[in-house]
Amino acid sequence: MCRWIAYMGSPVTLDELLYKPANSLVMQSRESHLGVEPINGDGFGVGWYDEHSPIPGLFRSVEPAWSDQNLRELSLHIRSGVVFAHVRATTGTPVQRTNCHPFRYGQWLGMHNGGITGFSTLKRDLQMAVDPSLFPLIEGSTDSETLFFLALSMGLTDDPPAALAAAVGLVEDVGHKHGIAFPMQGTVTVTDGQRLWACRYSSEGRSRSLFRNRDVSVLRAQYPDNPVLHGLSDDTRVVVSEPLGDLRGAWLEVPESTCLVVEDGQEELLPFAPAMSVA
């Protein structure tokens, strides 16, 4: 499917996240350990926030992340405390820039790893539920972008967990009406640049992998000689499709059917379930 990383914490250059870790996202684009496919070379994207604008910057390309020289150059110079990055393995839709994550709406970014089963069959019904004012903003052809705009239509900017639950609920409802037993699969994350929500859910209860870092202060006490940990603030939070390294105890799995909320350096795990359609 895909691999992604969401980062909130001390400002770092992008190469600290995308290249330097032993199992960096660029490394995962070439050789993923926990993904459905080991190679995620159907494009990439990175979004970041800075002091210049509440609207995040966005760079996406259809090149494999491991061979894109522009990404390598930019990563040495762009510095941010909130970063979304994604490497893509297509599930059937074209390899094109508009199909690369993250997707952006105003100050919001969204990413997805997984898929909507039978999306070509469900696409019309799902996109008809997108708010008419938002529909023209859908640029690509992926199930992931449709899911993002469904969540926006259902109140993402006001109540992200409820909106995501409603969007997933609609996917399951439409899928079941078309005879699809397990319509939804994946991990989804969104941010407004101040807060982050990451949900892990699948219709069959076997979601794609998702991890979060253990509290940095705890890791610093466990590994006092590790220089990387001393450069991060205690409130740094990293959410990933798979761990960026093998430091023992550094990574905690996000449970199945859970929404992780990160705000002001604190995190909370909430149960996540699709909101049932009232239609």
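Helices here are DSSP runs of H or I with at least four residues, strands are runs of E with at least two, and both are numbered from the N terminus.

A note on provenance: this is a predicted model, where local features need pLDDT of at least 70 and side-chain atom pairs count only at pLDDT 80 or more, while totals for chains, interfaces and linings use all residues. Residues are numbered from 1 along each chain as its sequence is written, and side-chain values use heavy atoms, with hydrogens and water left out.

**α4 with α5**

I read off the geometry next: the axes of α4 and α5 (residues 143-153) come within 11 Å and cross at roughly 25 degrees. Axes are lines fitted to C-alpha atoms, for helices over the stretch in contact, and angles run from 0 to 180 degrees between N-to-C directions.

I listed who touches whom: F119, L126 and Q127 of α4 make the contact with D143, T146 and L150 of α5, where contact means heavy atoms within 4.5 Å. By class, this contact of α4 with α5 has three nonpolar, two polar and one charged residues. My classes: Ala, Val, Leu, Ile, Met, Phe, Trp, Tyr, Cys and Pro are nonpolar, Asp, Glu, Lys and Arg are charged, and the others, Gly among them, are polar.

**α6 with its two partners**

How do α4 and α6 pack? I got an angle of about 130 degrees for α4 (residues 119-128) and α6 (residues 160-177), with axes 10 Å apart. That is why α4 and α6 count as oblique to each other. On the α4 side the contact uses L122, D125 and L126, and on the α6 side L170, V171, V174 and G175. I sorted the residues of this α4 and α6 contact into five nonpolar, one polar and one charged.

I then checked α5 and α6, which pack at about 125 degrees with axes 8 Å apart, in a right-handed crossing. L147, L150 and A151 in α5 meet A163, L164, A167, L170 and V171 in α6. The contact of α5 with α6 has eight nonpolar, no polar and no charged residues.

**The largest pocket**

I found about 680 Å³ of space in the largest pocket. Among its 27 lining residues, E16, P21, V228, L232 and L244 are the closest to its centre. β1 gives the most to this lining, with four residues. The lining divides into 16 nonpolar, six polar and five charged residues.

Grid points are joined across faces, edges and corners, and the volume is the space filled by probe spheres set on the points.

**Two backbone notes**

I spotted a cis peptide bond joining H101 and P102, with omega about -5 degrees. P102 sits in the loop between β4 (79-88) and β5 (103-105). I also noted S257, a residue other than glycine with a positive phi near 55 degrees; S257 lies in the loop between β11 (251-253) and β12 (258-263).

Methods:
Parallel < 35°, antiparallel > 145°, perpendicular 65-115°, else oblique. 1 Å grid on protein atoms, 1.4 Å probe; cavity = no way out; pocket = protein on both sides within 12 Å on 5 of 7 lines; lining within 4 Å. Left-handed = near helix turned anticlockwise from the far one by under 90°.
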